[in-house]
Amino acid sequence: MQPFSRRSNPLIAAFPAELASDTEAVWSVMPDSGLSPHAPFQVTVEGRQVLIPQRLYNDEPSAEEVASLSPRQQRLLHCLYSRHCDGMVRQRHLEKVVGSADPWVIPFVVQLVGEYVVEILVVIRDELRDLATPGSRRLAYGQFLVDNPAFFARTQRRVVSYWNCYNRGTYASFGGYPGCTVLGLLRSAASDRAGRRWPSLAPAGGRTDGYC
């Protein structure tokens, strides 16, 4: 295990400040890595800026070490490992938190929407179906997207780009692509929160009600 402190822990900034002590507890069980977290991206969570790594290179802690953490600390750990360089590790940890309504979980989920692993998109699509109906998660996702319009626009463009470049052989129509469904659900939540129809950057012809 590696030593941790507010000065040495580069992941403190990935979550709101009140979670710093919990993040330090997570950092203390993470195996050391020769590579630092890579290329953080900035988003706003409940009015506060956070910096989330694009990629994390630490090996996973043991099951016993994970079990030693509190439930909230475990969710923080799963969020961080959803940024891992190995796609299967990202998916495994995403599955532990994608059902959460914690506002600080949401940017980790939305970031994965704009990446290239179709199996991860399927997990997100299946877990976010409830964004089509009123509720706390629809409100939380909508608020995050309204607060981060450039981030959401970039995510939409990436979904279309990855479908066009790598997945048209499997999904001839963008409307049948899992990412289309996810974007529809997210736009629906953003539209509801913004009080106006959220712009779609998807190809014409797909349905926009969350079920492309």
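Helices (H or I, at least four residues) and strands (E, at least two) are DSSP runs, numbered from the N terminus. By that assignment the protein has nine helices and two strands, which follow one another from the N terminus as α-β-β-α-α-α-α-α-α-α-α. This is a predicted model, in which local features need pLDDT of at least 70 and side-chain atom pairs count only at pLDDT 80 or more, whereas totals for chains, interfaces and linings use all residues. Residues are numbered from 1 along each chain as its sequence is written, and side-chain values use heavy atoms, with hydrogens and water left out.

**Overall dimensions and burial**

- The radius of gyration of the protein is 17 Å, which agrees with the value near 17 Å for a compact globule of 212 residues; the radius is taken over C-alpha atoms, and the globule rule is 2.2 Å times the number of residues to the power 0.38.
- The C-alpha trace of the protein spans about 55 × 35 × 25 Å along its principal axes.
- The accessible surface comes to about 9700 Å², and 50% of this surface belongs to carbon and sulfur atoms; areas come from the Shrake-Rupley method with a 1.4 Å probe, and for residues only the protein chains shown count as cover.
- Of the 212 residues, 50% are buried, where buried means under 20% relative accessible area, exposed over 50%, and partly exposed in between (1.4 Å probe, protein chains only).
- Among contacts with a separation of 6 or more, 68% are accounted for by residues 24 or more positions apart; contact means heavy atoms within 4.5 Å.

- Helix α5 (residues 106–113) is largely enclosed by the rest of the structure, because eight of its eight residues are buried.
- The buried residues of α5 are Ile106, Pro107, Phe108, Val109, Val110, Gln111, Leu112 and Val113.
- In helix α6 (residues 118–127), the buried residues are Val118, Ile120, Leu121, Val123 and Ile124, and their cover includes α4, α5, α8 (149–167) and α9.
- Asp126 also belongs to helix α6, but Asp126 is partly exposed at 43% relative accessibility.
- Asp126 and Ala140 are 14 residues apart along the chain, and their C-alpha atoms are separated by 18 Å.

**Helix packing**

- Axes are lines fitted to C-alpha atoms, for helices over the stretch in contact, and angles run from 0 to 180 degrees between N-to-C directions.
- Angles under 35 degrees count as roughly parallel, over 145 as roughly antiparallel, 65 to 115 as roughly perpendicular and the rest as oblique.
- Helices α4 and α6 pack at an angle of about 10° with their axes 10 Å apart, and are therefore roughly parallel to each other.
- Gly87, Arg90, Gln91, Leu94 and Glu95 of α4 make this contact with Glu119, Ile120, Val123 and Ile124 of α6.
- The α4 and α6 contact has four nonpolar, two polar and three charged residues, where Ala, Val, Leu, Ile, Met, Phe, Trp, Tyr, Cys and Pro count as nonpolar, Asp, Glu, Lys and Arg as charged, and the others, Gly among them, as polar.
- Helix α7 (residues 136–147) packs against helix α9 (residues 178–194) at an angle of about 80°, with the axes 7 Å apart; α7 and α9 are therefore roughly perpendicular to each other.
- On the α7 side the contact involves Arg138, Leu139, Tyr141, Gly142, Gln143, Leu145 and Val146, and on the α9 side Leu186, Ser188, Ala189, Ala190, Asp192, Arg193 and Ala194.
- By class, the contact of α7 with α9 comprises eight nonpolar, three polar and three charged residues.

**Individual residues**

- His93 is located in helix α4 (residues 87–97) and is buried, at 8% relative accessibility.
- Apart from neighbours within four places in sequence, His93 is in contact with Glu60, Leu77, His78, Tyr81 and Ser82.
- Ser62 lies in the loop between β2 (48–52) and α2 (63–67) and is partly exposed, with a relative accessible area of 30%.
- Ser62 and Leu76 are 14 residues apart in sequence and 16 Å apart in space, C-alpha to C-alpha.

**Positive phi values**

- Most residues other than glycine have a negative phi.
- Ala39, which is not a glycine, has a positive phi of about 45°; Ala39 is found in the loop between α1 (20–29) and β1 (41–45) and is partly exposed at 34% relative accessibility.
- Glu46, in the loop between β1 and β2, has a positive phi near 50° and is exposed, with a relative accessible area of 53%.
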